[in-house]
Each structure stands twice: as C-alpha cells, then as structure tokens.
Amino acid sequence: MSISAQDVKTLRERTGAGMMECKKCLEEAGGDMDKAMEVLKQKGLAQAEKKAGRTAAEGVVTSYIHGNGKIGVLVEVNCETDFVGKNEDFQNFARDIAMHVAASNPEYVRREDIPEERVQEEKDLIKSQSEETVAGKPEHVVDQILEGKLNKNLSAITLLDQPFVKDPDKTVGEYTKEVVAKLGENIRVRRFVRYEVGEGIEVEQKDFAEEVKEQLGE
C-alpha cells in the first residue's frame with residue numbers, strides 16, 4: 001500500500017526514528033499509526049540489546065535536589081559520543097534517573113553489583129521468615145517460592161529492576177532500552193550517590209512528659 005509523506009513525518013516526530021525506518025514500519029503495519037509505533041518500538045528494543053556491549057565512556061554527571069534540600073542525588077550516565085551526551089533527550093533521561101533515585105532509593109545499579117554477602121543475607125532472612133508458610137510443601141515447590149521472594153527482594157533494591165517512578169508500567173531498565181533505541185547509542189547508568197539529611201545519625205528520643213518536667217525543674 002502507499003504510505004503518505006505526512007504519515008511518515010508524523011511517526012518520525014512521535015518517535016525520533018529515521019524517515020526510512022518509519023516508512024518501513026508503516027508499511028509493515030498496513031498504515032496503522034499505533035501498530036507502526038509498536039513495530040518500531042520492538043525493533044528498537046532488539047537493536048538496543050545489540051548495542052549493550054558497546055563502550056560508553058562519554059555522558060554526563062547530573063544532580064537532582066528534592067524536598068527543599070532534604071534529599072540530593074548525583075548520577076553518572078554514559079553514552080558513546082559527546083554528541084549524544086549533549087542531546088536534550090539524553091540529558092532528560094539522566095535527570096529522570098536522578099529523580100528516580102531520589103524517590104525510590106535503590107542501593108545498586110544492576111543485579112550483578114549486589115555483593116554475594118548481601119544476597120546470602122536476603123536468602124537467610126527469607127528462609128527464616130518463610131518457615132511456617134512452606135512447611136510440608138515439596139522441596140521443589142519450596143525452592144520456587146524462596147527463589148521468587150529472593151528475586152522480588154533483590155529487584156526492590158536494584159535501580160534497573162525497579163518500576164520507573166514516572167511510569168510504573170515499565171522498569172528503569174526497560175525505559176533505558178527505549179532511550180537507547182531512540183538515540184541509537186549504548187547508554188549505561190554507571191553509578192549514583194544519594195544523600196538524605198540526617199541519614200545515619202542517631203537521634204536521642206526523649207519522653208515528652210519527662211522533657212516537660214526537666215524544663216519546669218521538677
């Protein structure tokens with residue numbers, strides 16, 4: 001079927017993909033704009049997987065301050081070229097990641113960053129908490145239950161596995177792949193640090209009644 005130049009232009013504006021790629025996807029989708037966007041998305045995600053191994057040494061360090069200075073985040077996000085590093089979409093992505101870290105407080109960027117000692121701690125905790133619920137169940141069923149709980153716990157502390165704060169229907173990792181597909185370069189969240197005012201400081205808790213007595217000199 002014939003695909004109009006206007007449809008190609010519209011798809012390109014919505015996705016940022018190249019004109020020829022937009023035309024091919026529209027032809028594949030029979031001219032349906034929504035289907036073409038889905039086709040383009042799937043192709044982009046597949047291409048993103050291929051780019052994952054490429055060296056990404058350019059990029060930015062971005063900051064995000066939340067709650068009138070109560071929470072601060074620094075995050076380093078890498079790409080392949082300085083050109084993409086200055087791209088507005090890439091800059092927005094880096095800010096999104098910093099904001100997500102402020103909101104969701106992950107401990108690690110990716111699953112392989114988690115020390116084996118921490119994984120073992122989670123396993124021991126889950127096992128002790130699940131003794132009653134798995135009692136009497138076949139061993140293979142118990143293993144599946146414990147593995148599922150471990151995966152859930154580790155995902156909760158891993159940035160790329162967490163639901164993206166601005167769109168919980170996708171993970172941060174899936175969001176990253178979408179940006180890779182759009183910009184055409186490997187993009188990697190390398191590291192982050194999150195500060196929260198008062199974090200780690202032990203504060204003495206006084207009994208209110210006793211505090212009043214002290215002030216009255218009783």
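Phe93 is buried, with 0% relative accessibility (buried: under 20% relative accessible area; exposed: over 50%; partly exposed: in between; 1.4 Å probe, protein chains only). The model is predicted, so local features require pLDDT of at least 70 and side-chain atom pairs pLDDT 80 or more, while totals for chains, interfaces and linings use all residues. Residues are numbered from 1 along each chain as its sequence is written, and side-chain values use heavy atoms, without hydrogens or water.

Phe93 and Tyr175 form a tilted pair, with 5.2 Å between centres and 55° between planes. Phe93 belongs to helix α5 (residues 88-104) and Tyr175 to helix α9 (residues 172-183), so this pair ties together parts 82 residues apart in sequence. Helices (H or I, at least four residues) and strands (E, at least two) are DSSP runs, numbered from the N terminus.

Tyr175 is also buried, at 13% relative accessibility. Tyr175 pairs with Phe164 as well: the centres are 4.4 Å apart and the planes stand at 15°, so the pair is stacked. Phe164 lies in strand β3 (residues 163-164) and Tyr175 in helix α9, so the linked parts are 11 residues apart in sequence. Phe164 is buried, with a relative accessible area of 4%. Phe93, Phe164 and Tyr175 form one aromatic cluster.

How values were computed. Phe/Tyr/Trp six-rings, centres within 6.5 Å; stacked < 30°, edge-to-face > 60°.
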